[in-house]
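Grab a pencil and work through these exercises with the structure open beside you. Each task comes with a solution that goes step by step.

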Amino acid sequence: MPRKKHHHIATQEYTTQDAKQRLQYYVAFRDWKQVRRRFPCGDNLRFALKERDRRLVQNAQRFDFDREQQEQERNHLTFAEWAQTWLTLHANKRSIRRDHYSARSLTDFFGEDRLEDVTTSRVAEYKLWRGQQITRHKRPPSIARMNRELALLRSMFILAEQGGKIDRRPVIHLEQENNKRTRIASPEELAQILDAMPTMRARPSSCNVRQVCGPTR
């Protein structure tokens with residue numbers, strides 16, 4: 001006996017793990033934008049008919065189905081998925097190899113988090129966690145390395161915000177780096193410094209310079 005057809009209801013047969021034949025129902029119609037829509041409704045016909053009526057009312061009210069789809073994608077988008085998308089979009093970047101390395105550490109921590117759940121406080125937790133990790137050099141990561149990772153994280157969220165994946169990106173501050181170096185002047189440099197001090201009554205002789213700095217090579 002042929003099945004009764006229902007307006008705006010499509011079906012698709014599938015086989016379960018125990019080899020039984022089942023029907024998957026879909027609500028299908030062309031919306032007010034003249035875009036074909038297809039919404040899965042499970043294997044219950046009564047529910048599918050109710051869902052069809054609800055969707056047709058939405059269509060009559062000019063509901064934005066595209067926006068709904070974007071919201072659903074946002075709700076399920078994880079950080080790991082977005083990180084992979086970012087790396088793919090920037091595949092031609094000169095520093096992409098270093099970005100892949102930095103993204104690995106970021107994904108280890110944020111991986112399964114939904115993108116919109118990565119808040120400013122969550123980033124602060126990452127900083128604490130990352131500072132306790134031990135690198136292959138058997139020491140915590142340097143501030144410069146952590147800043148590269150944080151800069152990459154910030155770039156990822158700027159793109160996510162611009163692309164409508166999130167409403168607001170977290171605040172990400174880089175750590176202060178100490179780039180000062182201590183260097184001992186050579187005997188020649190020290191002699192030049194002493195010669196440039198005219199207020200001194202007596203300047204040390206070259207022998208005194210050698211006593212302070214050691215013999216020149």
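**Exercise 1. How many bridges join β1 to strand β2, and which way do the two run?**

Step 1: Seven bridges join β1 to β2 (residues 21-30), and the two strands run antiparallel. Strands here are DSSP runs (E, at least two residues) and helices are too (H or I, at least four residues), all numbered from the N terminus. Two strands count as paired if DSSP finds at least two bridges between them.

Before going on, keep in mind that this is a predicted model, in which local features need pLDDT of at least 70, side-chain atom pairs count only at pLDDT 80 or more, and totals for chains, interfaces and linings use all residues. Residues are numbered from 1 along each chain as its sequence is written, and side-chain values use heavy atoms, with hydrogens and water left out.

Step 2: Check some partners. A10 has Y26 in β2 as its bridge partner, Q12 has Q24, and Y14 sits opposite R22.

Step 3: Look at the turn. β1 and β2 make a hairpin with five residues between them, and A19 in that turn has a positive phi of about 65°.

**Exercise 2. Which residue forms a salt bridge with R22?**

Step 1: Start with the idea that side chains of opposite charge can pair when their charged atoms come close. The rule used here asks for a side-chain nitrogen of Lys or Arg within 4 Å of a carboxyl oxygen of Asp or Glu.

Step 2: R22 pairs with D43, with the closest N and O atoms 3.8 Å apart. The pair links distant parts of the chain: R22 belongs to strand β2 and D43 to the loop between β3 and α1, 21 residues apart.

Step 3: By this rule, the count comes to 18 salt bridges.

**Exercise 3. At what angle do helix α3 and helix α6 pack?**

Step 1: α3 (residues 79-89) and α6 (residues 143-162) pack at about 90°, their axes 10 Å apart. That makes α3 roughly perpendicular to α6; the cut-offs are under 35 degrees for roughly parallel, over 145 for roughly antiparallel, 65 to 115 for roughly perpendicular, and oblique for the rest.

Step 2: List who touches whom (contact means heavy atoms within 4.5 Å). The residues include W82 and W86 of α3 and M156 and F157 of α6.

Step 3: Sort by class: 11 nonpolar, one polar and no charged residues. Ala, Val, Leu, Ile, Met, Phe, Trp, Tyr, Cys and Pro count as nonpolar, Asp, Glu, Lys and Arg as charged, and the others, Gly among them, as polar.

**Exercise 4. Describe how α5 packs on α6.**

Step 1: Helix α5 (residues 120-131) and α6 pack at about 150°, with axes 11 Å apart. That makes α5 roughly antiparallel to α6.

Step 2: Among the contact residues are K127 and R130 of α5 and R145 and E149 of α6.

Step 3: The class count for this contact is five nonpolar, one polar and four charged residues.

Notes:
Axes are lines fitted to C-alpha atoms, for helices over the stretch in contact, and angles run from 0 to 180 degrees between N-to-C directions.
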